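This briefing is intended for reading alongside the sequence and the three-dimensional view. Please keep both at hand.

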Amino acid sequence: MRCKKNRVKLSCSCIIAFTAMMLMQVLFNIYAYGQANNPSIGQVITNIQNYYKAYPAEKLYLQTDRPYYTVTDTIWFKAWLFNASSYTPSKLSGKLYVELINDSSTVISRFTIPIKMGLGNGQVVLGKQLADGNYTLRAYTNWMQNFSSDAFFSKTIYIGKPLTTGNWLINEQHSIANGNTVDLYVTLTNLNNLPVTYNDVELKLLEGDNTLFKGNYVTGDDGKVHSKIELPVKPSGKQFYLNIIDKTTKNSFKMPFYPSGTMQNIDLQFMPEGGQLVAGLTSRVGFKAIGENGLGVDLQGTIADSRGKQAGIFKSGRKGMGNFILLPKTGETYTANYNINGIMHSADLPKVMPEGMALKVGNLANPDSVLVHITATSNLANQNKQYVLLAQSAGGVYLGAKFTLQNGFNNMAFAKGIFVSGIVNFTIFDGAHTIAQRKIFIDHHDRLTLDLGPSHNTWQTNDSIAITVNVLDAAGKPVKGNFAASVTDNALVKEDSLQENIVSRLLLTSEIKGNIENPSWYFASNDDHTAPALDNLMLTQGWTGYDETLFLQPTLFPKFLAEPDNSVTGRITGLFNKPLKNTKVSIFTTDKKYGIILIDTISDANGRFKLRDLPPLDTVIYHIKATSLKGKELGATFALDNFKPAKVDIKQNIALMPWYTRNDSAISRYYNKPPQELTDIDPSDVKGKLLEQVVIKGSKPVDAKTYIPFLRKSIDEKTLIESGNINLRDLLAKKFNSLHIVGYYTPDKETELYLVGHNILADVKVDGQSMRRIYNEQFVSTFRSFLYTVPASEIKNIRIYDGLYSVITIETRGGTGLNTFPTPGLIIYHPIPYNLPMRFYNPKYKASNASLQNPRPTVYWEPNLVTDANGKATLSFYAADKPSTYIVNIQGTDLQGRFGVQTLKIKISGNGK
């Protein structure tokens with residue numbers, strides 16, 4: 001029997017032309033055929049075209065100066081924002097939202113940085129109020145919220161909070177006996193690795209927030225604690241933690257705990273190539289095994305049918321992933337059996353479908369071609385049934401091909417040159433329904449080459465170090481590009497050479513769900529192990545394809561608008577919600593740098609307006625007003641397109657171990673004596689004398705005349721800003737439900753009172769002005785009017801004091817006291833503050849400034865290293881006064897679809913002066 005074979009082959013030089021021109025012709029051909037023979041196919045193609053046109057995707061990467069920090073540090077970062085289809089700078093977004101989120105999914109910090117030509121940089125200044133633990137650095141554009149949160153940039157960072165005294169190093173070892181008994185040994189040492197002897201400690205085992213075990217112990221002369229703990233027979237699936245408390249100093253040390261051994265819960269999943277097991281059709285089955293610590297587990301075993309007969313064997317390769325061939329039979333069920341520490345385990349394979357289609361995509365056998373083999377059961381292989389094979393990327397569609405299965409199969413081949421490097425998703429459509437999917441990775445090894453060339457590799461302390469950067473493309477031609485460079489001290493910071501970088505992020509992790517261990521490993525070399533391991537990753541974690549529902553519905557108006565610049569948009573309406581057209585809309589504020597800022601525009605026929613080109617400012621308050629073209633005030637209602645932050649649902653697949661559990665002298669040294677960095681001030685630039693830091697330890701007492709014994713409720717500025725233009729009555733009802741109006745009768749009149757809880761509200765002070773004293777008998781009605789008409793955005797803080805009587809103090813933004821009532825057609829606008837980049841302090845190490853010889857984990861940071869037309873650039877910095885090894889890390893792009901990464905080690909000897 002002869003195989004039917006279709007082949008499409010284009011040279012690499014035709015790739016852009018094919019994507020731009022051939023794609024439209026292919027889709028037109030499919031669309032035309034679909035309209036004549038199967039309207040649903042044509043509609044799917046039309047919807048796909050419309051979808052990618054209406055929703056062009058963005059890709060984002062942030063490079064940080066180092067992998068971990070202390071609460072006294074600053075996180076320096078560089079951002080690259082690309083169009084996902086071409087990896088050119090995104091024109092959709094001119095601002096980026098950056099968040100620091102703790103392990104309780106609470107946003108610690110949120111700000112905006114400007115993006116120009118796809119580039120931006122900034123910093124997160126940490127603070128001593130932060131707790132020790134895992135944090136997530138998350139970034140996204142408003143446009144990205146139209147897609148899954150998987151499109152956001154997200155990086156887990158450990159932030160340590162060293163203790164003033166009593167730091168310990170902790171080593172934990174355990175074994176499992178009798179199924180669920182943990183035999184636990186904990187060794188405590190000080191930072192000099194001497195045992196902590198005869199110390200009272202409390203040991204807890206937590207499952208989430210639930211305490212499973214608690215016991216008191218005294219360390220031995222070897223610093224060890226021994227305990228046996230019974231684990232629950234059926235764990236809840238929550239993370240286990242071990243908590244050790246020094247009962248003398250009350251210091252607490254908490255670390256993730258993984259039972260392992262026979263108690264370890266292995267997550268073993270099987271993913272058939274194409275999507276499902278079909279009876280009678282040979283299938284490649286990918287699998288991945290993950291341990292309780294979120295990392296891959298290597299294992300091997302057998303596949304058995306329902307009668308226990310062996311149907312196959314499997315053995316993992318890299319990080320618990322692998323594949324095997326299986327010929328499933330009708331009505332059969334299959335089970336995987338494997339052994340861990342002498343205990344047999346089993347896992348079910350997916351159900352065998354009685355009919356369907358199998359898709360095999362070969363990407364490894366032929367260096368120039370992608371081979372596609374499609375087989376189907378007899379019911380799908382009729383004479384004239386038409387199917388469509390689409391090849392897609394995250395940014396668009398590469399090609400489409402119609403095919404039939406008259407003989408029960410079809411073979412096709414496509415030249416690899418028509419695809420750019422990255423993930424390609426093959427999907428088979430039957431009309432509007434997805435039959436099978438498979439992801440592969442195309443790697444042309446066309447990344448930039450960065451040659452880092454110091455004049456020599458060994459330098460002396462206090463030396464001025466210069467490093468030249470020479471960037472070339474795959475053809476050896478010089479490249480002009482934009483890069484970021486960090487230099488870290490290896491004595492304080494241990495850089496992971498396989499951590500995520502710009503290449504692995506853009507080409508791999510931005511499109512694959514879940515944790516990918518050491519993603520840069522897949523691009524570090526081009527040996528015989530890399531391509532098969534990458535294909536196993538596509539078979540397993542890449543198994544979930546694109547959501548077909550995105551393409552089945554007509555394109556809708558985006559829920560989240562692109563923000564190409566710093567503008568304010570919205571809609572104004574008048575009576576009966578009728579749009580106000582040809583209305584002047586003005587925005588106003590003052591700033592020390594820019595002076596008076598006044599921008600206006602005219603609303604369109606739908607009442608829509610856009611106030612363009614606002615300067616990037618930190619915390620700022622704008623007034624927006626609507627008037628007629630002749631300047632008459634209007635009672636307009638504003639509906640601003642305010643930014644709505646993305647939901648926070650951080651699921652950290654891997655809980656990073658705290659510093660005190662790592663047997664690494666550099667990390668211990670860093671966290672024991674964290675450096676005090678000067679982030680943006682060079683003392684040599686200061687005119688005059690630098691003053692000592694002043695610490696405010698108290699606050700101004702409340703005036704006793706207001707008989708206020710204690711503060712019952714406080715609403716801070718952050719809450720008020722986030723509440724926007726909600727009136728104070730609704731805000732207080734939401735934040736403080738114990739404020740009530742009550743009425744009662746006296747012989748001569750009806751009287752109303754405000755109560756705070758059960759106490760009478762004696763007064764309301766607005767910017768120090770007493771509402772009770774000024775309005776007297778109209779106090780209640782005045783306060784009611786104030787509550788219902790003044791928006792939260794006009795207020796800086798509210799404090800409710802309680803005692804024999806209750807008093808509310810209100811501080812307004814304008815300091816206008818009781819005159820603070822809204823003007824018709826005027827609203828207050830508080831944008832997310834901009835965090836403009838600071839200058840990294842790069843000291844010159846000389847004898848005259850010996851006071852600056854503090855340890856510096858980040859020696860140098862340059863977020864905008866630009867190579868010239870010859871592909872060259874130079875970075876220079878000073879070595880510190882102690883011998884060490886420095887790690888130079890440079891990443892970047894030519895902004896035309898190519899990326900590059902390079903690291904360099906340089907040695908600092910101790911011979912400098």
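Predicted model: local features only at pLDDT ≥ 70, side-chain atom pairs only at ≥ 80, totals over all residues.

Residues are numbered from 1 along each chain as its sequence is written, and side-chain values use heavy atoms, with hydrogens and water left out.

**Overall make-up**

- The protein contains eleven helices and 54 strands; helices (H or I, at least four residues) and strands (E, at least two) are DSSP runs, numbered from the N terminus.
- Of the 913 residues, 50% are buried, where buried means under 20% relative accessible area with a 1.4 Å probe, protein chains only.
- Contact means heavy atoms within 4.5 Å; among contacts between residues at least 6 apart in sequence, 68% join residues at least 24 apart.

**Nonpolar cores**

- A nonpolar core is a set of buried Ala, Val, Leu, Ile, Met, Phe, Trp, Tyr and Cys residues joined through side-chain atoms within 4.5 Å.
- The largest such core has 56 residues, and those with the most contacts inside it are Leu60, Leu62, Leu96, Leu508 and Tyr522.
- Strand β4 (residues 74-83) gives the most to this core, namely seven residues.
- Beyond its neighbours within four places in sequence, Leu62 touches Phe77, Lys78, Ala79, Leu96, Leu137, Ala139 and Phe153.
- Another core, of 32 residues, lies apart from the largest one and includes Tyr158, Ile244, Phe257 and Ile667.

**The β2-β4-β7 sheet**

- Three strands form an open sheet in the order β2-β4-β7, with antiparallel pairing; two strands pair if DSSP finds at least two bridges between them.
- Because β2 (58-64) and β7 (119-125) are edge strands with a single partner each, one side of each has no neighbour in the sheet.
- From one strand to the next, the twist averages 25°.
- Seven bridges join β4 and β7 in the antiparallel sense, and Thr74 has Val125 in β7 as its bridge partner.

**Helix α7**

- The buried residues of helix α7 (residues 665-672) are Ala666, Ile667, Ser668, Tyr670 and Tyr671.
- Cover for these buried residues includes β3 (68-70), β9 (153-160) and β10 (169-177).

Note on methods: Axes fitted to C-alpha atoms, helices over the stretch in contact; angles between N-to-C directions.
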